[in-house]
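Hi,

Here's the structure I said I'd pass on. Have a look at it first, and then read my notes below.

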Amino acid sequence: MPTWKTHRVLVDKAWPESLPRGELYRGVMRGVVEPDVEEDRVYVERCRGGRCRRSEARPAHHKPQPDLVEYYYNLAHYHRARGDLYNSGRALGRALHYVHDGAVKTRKWLILDVHDEVEQKMDALAAELPHICREAKPGRSNNPVNALCHAYQQTKTLLARFAQEAVTPDAARAYRLRGLKKKIYLALAGAAAAAAGVALATHASLLLTLIGAAALLAAVAWTPRDYIIAMRGGALCLKPRRAKPVMNCEGPPNTYV
């Protein structure tokens with residue numbers, strides 16, 4: 001993983017003028033290194049002998065973690081919409097931490113793992129951002145310049161999105177209602193199809209019953225895009241399904257100093 005210095009330099013160099021440098025910035029600078037101290041967990045399926053069970057594990061370093069990035073990005077919006085800029089920054093910083101870690105693509109040469117050397121070079125080159133990226137080929141890589149510039153570009157993109165995608169409380173409430181209506185309509189359609197299949201009581205109707213039941217279950221589990229936008233406006237709190245994050249809508253722990 002990049003050093004704390006590299007994480008923070010990436011944030012500082014990519015910080016847009018459209019975002020304030022007060023409590024939000026201070027929170028990001030803390031959050032971008034927090035996952036190394038207070039680890040999130042992800043759920044993994046382990047199968048053996050035809051039986052599978054879900055267990056918790058630490059997120060794999062240098063492997064993209066889109067679920068955690070998206071969750072913390074939405075959570076940052078949630079806290080900002082509710083007026084908590086510091087914890088908004090912490091959540092945004094945690095998202096950026098996983099963006100940075102995912103920029104390094106590990107590769108082993110025989111028994112030698114070269115990623116430590118790559119990260120040390122990234123640390124030495126970070127002060128030269130963004131000029132060093134003029135002739136680079138940004139992308140997930142074990143080339144320190146390419147990896148560093150990829151992390152820089154991804155950081156700029158995420159920070160720009162955060163500055164532009166603010167959702168007002170009124171809009172958030174409207175999106176929440178629209179998402180709820182969609183779930184209700186899908187559930188009613190599924191219930192109607194299942195009831196019709198039962199009423200017909202024929203072999204052909206069995207398929208209709210199964211489709212209706214599946215639609216009903218899908219409606220319960222489905223998270224409409226409207227709900228995600230509603231969370232960004234502080235009207236709704238969603239949890240990731242494949243991860244157990246440290247921070248949540250109620251507020252994060254404060255064990256890290």
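Before anything else: this is a predicted model.

In case the idea is new to you, strands of a sheet pair through backbone hydrogen bonds, in either a parallel or an antiparallel way. Strand 1 (residues 41-48) joins strand 5 through two bridges, running antiparallel.

Next, the inside. The largest nonpolar core contains 57 residues, and W15, Y72, L75 and L92 have the most contacts within it. Several helices supply at least two residues each to this core, among them helix 1 (4-14), helix 4 (85-101) and helix 6 (144-164). What does W15 touch, once you leave aside its neighbours within four places in sequence? The list is P20, R21, L24, Y25, V28 and L159.

Last, the largest pocket. It holds about 360 Å³ of space. The elements giving two or more residues to its lining are helix 3 and helix 9, and helix 3 gives the most, with four. In total 13 residues line the pocket, with T223, I228, K239, P240 and R241 nearest its centre. Sorted by class, the lining has six charged, five nonpolar and two polar residues.

Cheers

How values were computed:
Residues are numbered from 1 along each chain as its sequence is written. This is a predicted model: local features need pLDDT of at least 70, side-chain atom pairs count only at pLDDT 80 or more; totals for chains, interfaces and linings use all residues. Side-chain values use heavy atoms; hydrogens and water are left out. Two strands pair if DSSP finds at least two bridges between them. A nonpolar core is a set of buried Ala, Val, Leu, Ile, Met, Phe, Trp, Tyr and Cys residues joined through side-chain atoms within 4.5 Å. Buried means under 20% relative accessible area, exposed over 50%, partly exposed in between (1.4 Å probe, protein chains only). Contact means heavy atoms within 4.5 Å. On a 1 Å grid over the protein atoms alone, a cavity is a set of points where a 1.4 Å probe fits but cannot get out, and a pocket is an open set with protein on both sides within 12 Å along at least five of seven lines; lining residues have an atom within 4 Å of a point. Grid points are joined across faces, edges and corners, and a volume is the space filled by probe spheres set on the points. Ala, Val, Leu, Ile, Met, Phe, Trp, Tyr, Cys and Pro count as nonpolar, Asp, Glu, Lys and Arg as charged, and the others, Gly among them, as polar.
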